[in-house]
Amino acid sequence: MSFVRKAGNFVTGTARMAFLGGNRVYYAWLLLLAVCITQALFAYAHQFERGLISTNMRDSVSWGFYIGNFTFLVGVAAAAVLLVIPAYVYNWKPIKEVVLFGEMLAVAAIVMCLLFVLVDMGRPDRFWHLIPGIGHMHLPSSIMAWDSVVLNIYLVINLSVASYLVYCAYYRIQYDRRIVVPLVILSIPMAISIHTVTAFLYNGMASRPYWNSAILAPRFIFSAFCSGPALLLILFQILRKVSAFEIKDEAIHKIAELMAYAMGFNLFLFGAEIFKEYYSNTHHLVYYQYLFRGLHGTASPIALYAWTSIAFSIISFFLFLIPKTRRMPLTMNIGAVMIYLSVYIEKGIALIIPGFTPDTLGQVYQYVPSAIELRVAAGVFGVGFLLFTLMVKVSVSILFERGNQTVHA
């Protein structure tokens, strides 16, 4: 059989697996995602017709809910590294068996990242300038262009590895380590790069002192090593209950242990930043005052979120640091949800809004996302979750329900 014919059979076969053979919960979930995507298309059509004035972003706060989600999802995409390093650098087999799912999560997260950039653009017809080799990217001066390059490379690497492994498992053939291992190892520095360059987008702005910090990039990286694995921990447990998916408890516990270390470093760097701002007490402290309290006698609308994020970070850190609570399913899942929410607030609300408040003229604009922004964002998440759901459904069907273990060798 020729490669083209085998590839065609692979595509049609996996499409049938994705949409057939599910239970009622599975189809209800797909229907919910379809509703999210459909309503978002109407919302985006409204935004496209009226322009970004239909959002609550203004000159004072030119980045809002869309870019906050973009920044958070770049971290989720980088989370696969937390699985790749113990699996392929230290050859730890229990985690190697689930690395594929981390790579699929990275693919879905990067697709969402690119969609959030698209909907944030006032001229979406210029999105093609962010595609390497096609658009005019203004390299090497544009940091956004560099971010687009590393994101696209990381997307291609993870998509290639995941597709190749599933393809080999589909035809029950042994995968070629000479193809897989170099790409997986290459994905490690690329994962670091995508979050580093994203951090450079912020701290390269000299007029925004809130982001002008040298430790912003390492903070991004360590928080990324918590949020994505938190999502995977919950997903692995759900899959283990509702399908033939297999994962050893020691793999889950090891991921949770690594997350505790990453969260510890993230808290340390955050504490160092807080000490520097409050002890030096310069006029740059105004951004943290807005974040935690408010300005000019007016309470900050985001202060509650900021304190919630800190509380969740500290509680979840100790839940994952203590072996007994880390290994207990209830406390581990509570900790995973807290980590996910704390990093989501940290990378979204607590990162974007104080950076613009007050603006360079000293004005305070109280930004909250509009209904259009919330609806469009729900649709982008719907696309990502739909893509990830279909990939997981196909992979579980091939790797576990057909009894094929070739990819784990």
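How many residues does helix α3 have, and how far does α3 reach from its first C-alpha to its last? In this predicted model, helix α3 spans residues 65–78, has 14 residues and reaches 20 Å between those end atoms, which is close to the 20 Å expected at 1.5 Å a residue. Helix α3 is also mostly covered, since 13 of its 14 residues are buried.

Two further helices meet one another: the axes of α12, residues 303–321, and α14, residues 329–347, come within 8 Å and cross at roughly 145 degrees, and the crossing of this pair is left-handed. On the α12 side the residues making the contact include Tyr305, Phe312, Ile315, Leu319 and Phe320, while α14 contributes, among them, Met332, Ile334, Met338, Leu341 and Glu346. By class, the contact of α12 with α14 has 13 nonpolar, six polar and one charged residues.

The cysteines can be taken next. The structure holds zero disulfides, and for Cys226 the distance explains this, because its sulfur is 17 Å from the closest cysteine sulfur, in Cys113, which is too far for a bond; a disulfide would need the two sulfur atoms within 2.5 Å. The relative accessible areas of two cysteines are listed below.

| Residue | Relative accessible area | Class |
|---|---|---|
| Cys168 | 3% | buried |
| Cys226 | 0% | buried |

Both values count as buried because that class covers residues under 20% relative accessible area.

Definitions and conventions
Residues are numbered from 1 along each chain as its sequence is written. This is a predicted model: local features need pLDDT of at least 70, side-chain atom pairs count only at pLDDT 80 or more; totals for chains, interfaces and linings use all residues. Side-chain values use heavy atoms; hydrogens and water are left out. Buried means under 20% relative accessible area, exposed over 50%, partly exposed in between (1.4 Å probe, protein chains only). Axes are lines fitted to C-alpha atoms, for helices over the stretch in contact, and angles run from 0 to 180 degrees between N-to-C directions. Helices (H or I, at least four residues) and strands (E, at least two) are DSSP runs, numbered from the N terminus. A crossing is left-handed if the near helix is turned anticlockwise from the far one by less than a right angle, and right-handed if clockwise. Contact means heavy atoms within 4.5 Å. Ala, Val, Leu, Ile, Met, Phe, Trp, Tyr, Cys and Pro count as nonpolar, Asp, Glu, Lys and Arg as charged, and the others, Gly among them, as polar. The expected span of a helix is 1.5 Å times one less than its number of residues.
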